Amino acid sequence: MNKLYVVAGKRNMGEHARLNGGLFVNVGMTTRTVDERLGDQDYRNKAAGGVWEVIVRDHEIGSHDDTEIHDELKKRDDVVWSLDGLNTEEFLFVNDPGDGSVARDIVLQIAKNLSPRDKCIEPDASIEQELLGRGIPHAGEVRKSNDSVCWLRVKSVIERNGPYGKYVILYFDSKSRDKAIFVWNSAAKQFPVGDYVLLGGVRVSKRGNLECKGQYRVLVDAQHDERASQRRRTPDEMSPAGRWTLEQKRKEGEEARRRQVDPELQRWVSGQFEDYQKNPHETISQRHAERWSRIQDVMGMLFMASFLGYYLYQLSS
């Protein structure tokens, strides 16, 4: 059973909320208790606002998760969420007086209005058993297994712009503390909700979060049950000896980057080709010779002008 919680740093409450233009709170979810969740390392790292004050404690939301609450909060004009912030659970409730009353009412109302889960995106037990049977750990267990390859089923996606390009945060079902992973150099459209994804190059970052800097591949679209069985990968396709491996995918990416043409060079070549079409008898070497001749003429004129100026100066003195 998933439990919703809302917490705020005590230093951000009261008068400080008025100075901040509202109350900053964290809206999250856990299968444990909120007190156990606040003891995790990531929440200890976020404790810049002082000791955490619990505003909503262990509100049961069934099979729903906090990302559904987040999506609804982002639609509101009286709630602010930073796209570039590192804390994905932090929201600013601009009308909250500082005691958490407004934030509590808004979050609980959204939780009350959550629609039932669509059956078409329920997990496919056969796919999951097949992956686990091959010894590929789930993303929620990769921290314990010390493996760099894992799989997950996408529950929701957040796309962001970082200093080195776009990246996404994938949220997935998990019974462990890990329920999200950062996938660098990717876009949200590559990870439809309900799809099963195989990830390589997975590790734990310095901040304690899961991140993927390797390759990834969508295995099965679980949103369409009748199509899923037809598109399911065979053992040979998913095995290291199959047609697709992480190493092969990496080499394909490097080869594609080598084949890319520099845009500036491409524009220059296009311009040269257009000039050639206008006058096919004139070669590029001839045009370069003419340009060099014009440069020499200009340099000669400048030399003569400087010599004449020096001569006139000598006559005047």
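Modeller: Let's start with helix axes: these are lines fitted to C-alpha atoms over the stretch in contact, with angles from 0 to 180 degrees between N-to-C directions. This is a predicted model, in which local features need pLDDT of at least 70 and side-chain atom pairs count only at pLDDT 80 or more, while totals for chains, interfaces and linings use all residues. Residues are numbered from 1 along each chain as its sequence is written, and side-chain values use heavy atoms, leaving out hydrogens and water.

Biologist: Happy with that! At what angle do α4 and α5 pack?

Modeller: At about 115°, with the two axes 10 Å apart. Helices here are DSSP runs of H or I with at least four residues, and strands are runs of E with at least two. Ile69, Glu72 and Leu73 of α4 meet Ile106, Val107, Ile110 and Ala111 of α5.

Biologist: What makes up that contact by residue class?

Modeller: It has 6 nonpolar residues, no polar ones and 1 charged. Glu72 belongs to this contact, and it counts as charged because Glu is grouped with Asp, Lys and Arg.

Biologist: Which residues have the most contacts inside the largest nonpolar core?

Modeller: Val25, Val27, Ile69, Leu73 and Phe93, in a core of 29 residues. It is called a core because its members are buried nonpolar residues joined through side-chain atoms within 4.5 Å. Of the contributing elements, α5 gives the most, with 5 residues. Leucine 73 touches Val27, Val79, Phe91, Phe93, Ile106 and Ile110, not counting residues up to four places away in sequence; touching means heavy atoms within 4.5 Å.

Biologist: What makes arginine 203 and glutamate 211 a salt bridge?

Modeller: Their N to O distance is 2.6 Å, so the pair meets the limit, a side-chain nitrogen of Lys or Arg within 4 Å of a carboxyl oxygen of Asp or Glu. The whole structure has 15 salt bridges.

Biologist: Why is glutamate 211 called buried?

Modeller: Its relative accessible area is 6%, and buried means under 20%, exposed over 50% and partly exposed in between, with a 1.4 Å probe and protein chains only. Arginine 203, at 42%, therefore counts as partly exposed.

Biologist: And how do you know that aspartate 35 is partly exposed?

Modeller: By its 47% relative accessibility, which puts aspartate 35 in the partly exposed class. Arginine 57, its salt-bridge partner with closest N and O atoms 2.9 Å apart, is also at 47% and so is partly exposed.

Biologist: Where do these two partners lie?

Modeller: Aspartate 35 is in helix α2 (residues 34-38) and arginine 57 in strand β3, 22 residues apart, so the pair links distant parts of the chain.
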